[in-house]
Amino acid sequence: MNMKRLGACLLVLALAFVPVFAAGQAESAEEGYVTIKVANYALLESGYEPFWKDVKTGFEAENPGIKIEWITAPYGEIVNQVVNMAGGGNKVDAIFGEIDWVPGLVDAGLAAPIEDILPEAFINDFYPDVLKSFEVEGTPYGIPLYVSPYVLYYNKDLFKQAGLDPNKPPKTYDEMLGYAEKLSQLKDKNGNKVYAFGQTTASVPVSGASLTAMIFNFGGQVLDAQGNLSVDNQGFRQAIEMLQLLDEKGYNPQNAKLKDLRNLFALGQLAMYYDQSWGFNGIKSINPDAVNFTASAEPLVGGQGLGQSLLQAHCFILIDNGDARSAALSKFVEYVISEDVLSEYLRDLTPAYPAKKSMAAMESVVNNGILKGASPAAGRVKVQTFIPRISDLNLELCALAQAVSVGNEDVSAAIKKFKETTAIKISQ
């Protein structure tokens with residue numbers, strides 16, 4: 001057993017004998033209610049804060065015996081906070097986060113199988129292929145509020161300025177390069193350079209997930225079905241070559257995070273870029289007028305690929321803290337992931353696709369909104385095998401992207417180095 005797994009096991013054993021939980025439950029019982037703790041970074045982001053405050057108010061009004069306690073930290077720190085709290089004997093009941101967080105929290109011994117917390121009828125209402133994306137060794141460990149592939153956002157006004165039809169976005173990478181040649185000649189109203197195409201490559205795990213989606217566009221893969229590194233394929237190489245070409249032509253902002261691309265797009269300095277569907281909330285928060293010039297399109301088709309993308313989701317990752325808190329947590333999850341709660345949220349705040357069959361009627365909201373152009377892509381997502389070190393894999397993908405762009409390294413040499421470094425890291 002390696003040291004990381006040994007540490008995770010010791011954490012689980014330690015938590016099993018920490019008496020603080022019994023005391024906490026007794027206090028709740030004496031006061032007549034159960035308190036559940038929900039870790040949620042979105043409370044610190046202005047675009048999302050009002051929604052989650054309303055969730056707490058509405059849920060507690062319907063369930064007077066249950067109180068919600070928010071645990072907050074910035075996006076990049078919330079997982080570490082949850083793990084550190086657990087090490088001190090103070091486990092949260094749920095984490096609002098992203099699908100890529102699931103394997104790490106499972107490996108740390110914190111995440112519980114959803115079937116241990118949620119009723120069977122509720123689980124069965126989710127699309128089976130969606131739940132499959134949350135499986136670790138055949139068991140789903142997260143429940144999605146909504147889902148999205150990576151979508152191509154583009155600026156209709158910039159298309160018009162470049163003499164392009166704003167109702168005909170590119171469908172392939174070759175077409176995109178033709179569009180990019182014209183778009184890259186533009187300047188914004190302040191004389192700033194307009195970047196033609198944005199793909200995040202910054203050293204954060206979500207950038208690695210976005211790069212994986214791009215590799216899927218080309219029909220490539222990163223991991224095989226058993227979770228082994230598998231990059232000796234044409235699609236993988238073609239995606240990395242495309243990243244290098246985009247950098248050579250100056251089309252892609254170097255080392256940009258998604259939030260950087262959202263900012264550039266909101267300010268009219270980026271014509272096209274890949275993002276999770278809910279990235280539009282960040283765009284709109286910077287520039288409310290973005291609703292008038294933003295449109296979406298399906299992921300581009302590269303090489304011999306089919307334009308497949310990676311499923312992304314905002315989800316709840318659940319922790320089992322005993323019967324009373326688990327029952328309260330189940331009610332909370334069922335309350336949030338309902339049409340009544342999510343309909344306005346998906347329509348006005350965070351465009352995305354419903355994950356439940358009973359919410360299929362909400363597709364009309366999606367198809368008539370900002371995601372209309374990208375809607376067909378929801379049926380072409382590809383499942384990425386989960387491994388405990390998925391975050392390390394994603395960071396190595398970012399390092400590879402930076403090597404062939406900023407570093408201008410030879411693609412073959414960079415991929416060879418990536419294979420050697422990554423194979424060691426993900427096997428630890």
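**Strands β1 and β2**

In which sense do strand β1 (residues 34-40) and strand β2 (residues 66-71) pair, and over how many bridges? The two strands run in the parallel sense and are joined over six bridges, where two strands count as paired if DSSP finds at least two bridges between them. Within this pairing, V38 stands opposite W70 of β2. Together with helix α3 (residues 49-62), β1 and β2 make a right-handed β-α-β unit; a crossover is called right-handed if, with the strands pointing away from the viewer, the path from the first strand over the helix to the second runs clockwise. Helices (H or I, at least four residues) and strands (E, at least two) are DSSP runs, numbered from the N terminus.

This is a predicted model, in which local features need pLDDT of at least 70 and side-chain atom pairs count only at pLDDT 80 or more, while totals for chains, interfaces and linings use all residues. Residues are numbered from 1 along each chain as its sequence is written, and side-chain values use heavy atoms, with hydrogens and water left out.

**The five-stranded sheet**

An open sheet of five strands, with mixed pairing, has the order β2-β1-β3-β12-β6. Because β2 and β6 (143-148) stand at the edges with a single partner strand each, one side of each is left without a neighbour in the sheet. From one strand to the next, the twist averages 20°, with axes taken as lines fitted to C-alpha atoms, for helices over the stretch in contact, and angles running from 0 to 180 degrees between N-to-C directions. Helix α3 packs on this sheet and touches β1, β2, β3, β6 and β12 (312-318), its direction making about 160° with that of β2; contact here means heavy atoms within 4.5 Å.

**Strand β3**

Strand β3 (residues 94-98) pairs with β1 in the parallel sense over three bridges, and with β12 in the antiparallel sense over five bridges. Five of the five residues of β3 are buried, so the strand is largely enclosed by the rest of the structure. Buried means under 20% relative accessible area, exposed over 50%, and partly exposed in between (1.4 Å probe, protein chains only).

**Salt bridges**

The structure holds 12 salt bridges, each defined as a side-chain nitrogen of Lys or Arg within 4 Å of a carboxyl oxygen of Asp or Glu. One of them joins K53 to E49, with the closest N and O atoms 3.0 Å apart; these residues lie four residues apart in helix α3, and are therefore separated by about one helical turn. K53 is partly exposed at 45% relative accessible area, and E49 is likewise partly exposed, at 27%.

Another salt bridge links K416 and E420, whose closest N and O atoms are 2.8 Å apart, and both residues lie in helix α19 (residues 411-427), four residues apart. K416 counts as exposed at 51% relative accessibility, whereas E420 is partly exposed at 45%.

**Helix α15**

Helix α15 (residues 323-336) has 14 residues and, at 1.5 Å a residue, should span 20 Å, which agrees with its end C-alpha atoms being 20 Å apart; the expected span is 1.5 Å times one less than the number of residues. The buried residues of α15 are R325, S326, A328, L329, S330, F332, V333, Y335 and V336.
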